[in-house]
Amino acid sequence: MTPVYLDNNATTQPDPRVVEAMLPYFTTHYGNAASHAHAFGWQAEEAIEKARGEVAALIGAAPKEIIWTSGATESDNLALKGVAEMYAARGEHFVTAATEHKAVLDAAKHLETWGKTVTVLGVDSCGQIDLDELVNALTDRTALVSIMLANNETGTLQPLAAISALCRARGILLHTDATQAVGKIPVDVNALGVDLLSLTAHKMHGPKGVGALYVRRRNPRVRLSPQMDGGGHERGFRSGTLNVPGIVGFGAAARLSQAEMDGAGARMAQMRDRLHAGIVRAVGNVSLNGHPTERLPNTLNLSFYGLDGEALLANLPDVALSSGSACTSASVEPSHVLKALGLSDRDAHSSLRFSLSRFTTEAEIDAVIDQIAQATQRLRALSVQTLVQC
Ligand SMILES: *Cc1c(COP(=O)(O)O)cnc(C)c1O
């Protein structure tokens with residue numbers, strides 16, 4: 001039996017309609033979008049510009065504000081490093097938060113090797129930053145604030161519009177990694193007041209290896225130093241031959257997510273709550289990690305007290321999901337996100353992340369609840385046995 005896939009915050013199943021839209025660009029429509037001398041190139045360029053409009057529409061941007069990249073990791077790097085270089089005269093100070101994705105945290109760490117200073121804000125037990133702490137961190141040498149819209153482990157949403165107001169009043173640029181939010185909840189760059197926004201196709205039923213960075217063109221017009229030098233593609237922001245099939249797939253994924261967002265969001269939230277209630281009924285001693293309401297509709301992160309997340313995963317062969325631990329080369333580290341929320345190493349190691357998609361069914365949710373009930377019973381019986389033997 002194929003496992004039930006509840007790891008959609010890691011990646012999603014490409015929508016069959018996305019794959020269908022991409023296929024001609026692997027076979028007959030193989031032109032280079034930068035070839036301006038013939039029909040193959042024009043056809044590719046037309047497809048790229050259609051996709052640019054579709055991705056822009058999903059986030060309320062103008063098509064010219066979308067820069068294609070290889071994914072959100074590259075978008076985050078381009079945003080932070082591109083601002084650091086371009087706005088070096090304005091300031092050398094950067095602000096981010098402890099629960100950010102490693103693509104932001106490690107890029108920020110890299111900036112320190114360039115002589116920049118970085119403030120990493122803490123979060124409360126629900127995963128949100130404190131606005132007063134942000135205000136206190138801002139200086140007249142702050143160039144950029146980078147705060148994610150939705151967290152990938154807990155689904156917690158940050159108060160971006162309020163953060164933006166504070167940055168704007170001081171003329172500080174704001175970047176958000178909106179990778180997990182885009183396609184799941186309404187995202188509008190103007191309502192949020194962000195200057196730069198990262199997104200990626202494979203978290204919204206598109207293909208892997210293609211992403212975008214939104215770069216504001218008006219009020220203010222944001223400039224960036226390119227981090228990839230070459231032919232001057234993407235209006236000089238990012239050189240390199242465009243991944244035409246991938247970008248066509250990204251456009252289709254954006255169009256479908258927008259069309260189906262309301263229904264899919266409501267269904268996912270309902271199934272997520274059914275899963276949560278079923279687990280509480282079957283297991284008892286669990287607690288929710290992240291914000292109870294200011295949260296993505298598809299994400300459920302739970303600590304199973306007294307149980308080890310890795311052991312629980314090993315006893316759930318028919319469910320694909322993630323634990324609150326990350327295997328580094330040397331050891332199993334507790335999640336930096338859950339640690340930032342104040343969880344002990346032990347509680348972080350007892351956590352599992354369930355992330356649903358618009359393809360998740362109620363039957364799958366019920367099957368997962370059954371399997372968790374059985375797995376926790378098995379593990380608890382084992383630990384009782386061990387106690388008796390000792
Ligand atoms: C997945 C993810 C990324 C990385 O995106 P890639 O396209 O895989 O590079 C960055 N930020 C967040 C919040 C993510 O969830």
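**Entry 1: contacts and model basis**

I began with the contacts of the protein chain (heavy atoms within 4.5 Å): among those between residues at least 6 apart in sequence, 74% join residues at least 24 apart. I note that this is a predicted model, in which local features need pLDDT of at least 70 and side-chain atom pairs count only at pLDDT 80 or more, while totals for chains, interfaces and linings use all residues. Residues are numbered from 1 along each chain as its sequence is written, and side-chain values use heavy atoms, with hydrogens and water left out.

**Entry 2: fold and dimensions**

I looked up the secondary structure and found twelve helices and 15 strands in the protein chain (DSSP runs, H or I of at least four residues for helices and E of at least two for strands, numbered from the N terminus). The protein chain is as compact as a globular protein of its length, because its radius of gyration is 22 Å, close to the 21 Å that the globule rule gives for 390 residues (taken over C-alpha atoms; the rule is 2.2 Å times the number of residues to the power 0.38). Along the principal axes, the C-alpha atoms fill a box of roughly 75 × 55 × 40 Å.

**Entry 3: burial**

I recorded that 55% of the 390 residues count as buried (under 20% relative accessible area, 1.4 Å probe, protein chains only).

**Entry 4: His276**

I located His276 in helix H8, which covers residues 244-283. Leaving aside residues up to four places away in sequence, I found that His276 touches Leu288, Leu300 and Leu302. I also checked His276 against Lys116, 160 residues apart along the chain: their C-alpha atoms are separated by 43 Å.

Note on methods:
Buried means under 20% relative accessible area, exposed over 50%, partly exposed in between (1.4 Å probe, protein chains only).
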